[in-house]
Amino acid sequence: MSEQPEKMVGAYLPGDSTVEFKEYEIPELRHGEVLIRTKASTICGSDIRCIYNEHLGKGPEAYQHEMVAGHEPAGQVVAVGPGMREFKEGDRVVVYHISGCGLCNDCRRGYQISCTSEKYRKAYGWQRHGGMAPYIVAEEKDLVHLPEALTYADGAQVACGFGTVYEGLEKIGISGNDAVLITGLGPVGLAAAMLCRCLGANNIIGIEAVPERVEIARKLPLRMGDDSVKLFDTVLQAGPNNVEDVRA
Ligand SMILES: [Zn+2]
Ligand SMILES: [Zn+2]
């Protein structure tokens, strides 16, 4: 990028059901940092909690006042600082939502989310600026290449929601031997169903209380290569007979 902008307007969450805009400086890139043009940034359940309620969380995991919100960003690298090892200008990327120290036991095992460094563990959109702005400064080690087959909106979904549920499914070890019951069919529940279908689950049942979400889940197809398959085998409206319905 020929000219790096110096300022931008970003959104932060002051609590009490509001979102505010503020002008932010775009700092000079340091070693290992990239500047990303934000292309998509999704809203997480934890952001909703932040928008509609007082800010929760204490200590190092609390939302820091006036941090640009949004920990699920995807975009394109437009400038790089010194010392890049893998990424370059023009790359399409997803930003993993937590930046860890990179050196503690958890970071070295790939679990930056449970990084034990109080000083260096910072979640984008919580303790360092996130994706609800035209640009985001991220660390190269937090980036994941976004394949051409996926849109930036897909990438933003992967940054937190899909990744979170995928880790859970990996731990359980879902395979073609399994039938899966998913309660709650919001974005993460739908992601769970998509991943379970791809992992081969033989029967996927969803339960949801909101009628509109039940309708969406019933209609949604899942594209697998050139084929379109049913996302759920059965979708049930939440109610007192669900246990009998599932057994049936
Ligand atoms: Zn999230
Ligand atoms: Zn760490």
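Gln-157 sits in helix α3, which covers residues 152-172; helices (H or I, at least four residues) and strands (E, at least two) are DSSP runs numbered from the N terminus. This is a predicted model, in which local features need pLDDT of at least 70 and side-chain atom pairs count only at pLDDT 80 or more, while totals for chains, interfaces and linings use all residues. Residues are numbered from 1 along each chain as its sequence is written, and chains are lettered from A and ligands numbered from 1 in the order in which they are written.

Gln-157 is a handy place to start. Gln-157 counts as buried because 22 other C-beta atoms lie within 10 Å. Here a residue is buried if 20 or more other C-beta atoms lie within 10 Å of its own, exposed if 12 or fewer, and partly exposed in between, with C-beta atoms placed from the backbone. Leaving out residues up to four places away in sequence, Gln-157 touches Thr-42 and Phe-162; a contact means that the two C-beta atoms, placed from the backbone, lie within 7 Å. Ala-191 is 34 residues from Gln-157 in sequence, and their C-alpha atoms are 8.9 Å apart. Tyr-52 belongs to helix α1 (residues 45-52) and counts as exposed because 12 C-beta neighbours lie inside 10 Å. Between the C-alpha atoms of Tyr-52 and Ala-201, 149 residues apart along the chain, the separation is 36 Å.

The chain is divided into domain 1 (7-163) and domain 2 (173-247), with bounds from an automatic or database domain assignment. The C-alpha centres of these domains lie 30 Å apart. The largest nonpolar core contains 53 residues, and Ile-36, Val-95, Ala-159 and Ala-193 have the most contacts inside it. Such a core is a set of buried Ala, Val, Leu, Ile, Met, Phe, Trp, Tyr and Cys residues joined through C-beta atoms within 7 Å. Helix α3 gives the largest share of this core, seven residues, and at least three residues come from each of domain 1 and domain 2.

Next comes the five-stranded sheet. This open sheet has the order β8-β3-β4-β5-β9 with antiparallel pairing, where two strands pair if DSSP finds at least two bridges between them. At the edges are β8 (135-139) and β9 (143-145), each pairing on one side only. Neighbouring strands are turned by 45° against each other on average, direction ignored. Five bridges join β3 (residues 33-41) to β8 in the antiparallel sense. Within this pair, Ile-36 stands opposite Ile-136 and Arg-37 opposite Tyr-135. Beyond its neighbours within four places in sequence, Ile-36 has contacts that include Val-77, Val-93, Val-95 and Ala-138. Although β8 is an edge strand, five of its five residues are buried. Tyr-135, Val-137 and Glu-139 point one way from β8, and Ile-136 and Ala-138 the other way. Helix α3 lies across β3, β4 (73-80) and β5 (92-95), at about 105° to β4; axes are lines fitted to C-alpha atoms, for helices over the stretch in contact, and angles run from 0 to 180 degrees between N-to-C directions.

The three-stranded sheet is open too, with the order β10-β11-β14 and parallel pairing. Strands β10 and β14 (234-237) each have a single partner strand, so one side of each is left without a neighbour in the sheet. Neighbouring strands here are turned by 15° on average, direction ignored. Strands β10 and β11 run parallel and are joined by five bridges, with Val-180 and Ile-204 as bridge partners. Helix α4 lies across β10 and β11, at about 175° to β11, while α5 packs on the sheet, touches β11 and β14, and makes about 170° with the direction of β14.

Helix α4 (residues 187-199) has 13 residues and should span 18 Å at 1.5 Å a residue, which agrees with the 18 Å between its end C-alpha atoms; the expected span is 1.5 Å times one less than the number of residues. Leu-190, Ala-191, Ala-192, Ala-193 and Cys-196 are buried in α4. Their cover includes α3, β10 (179-183), β11 (203-208) and α5 (211-219). Just after α4, Gly-200 takes a positive phi of about 100°.
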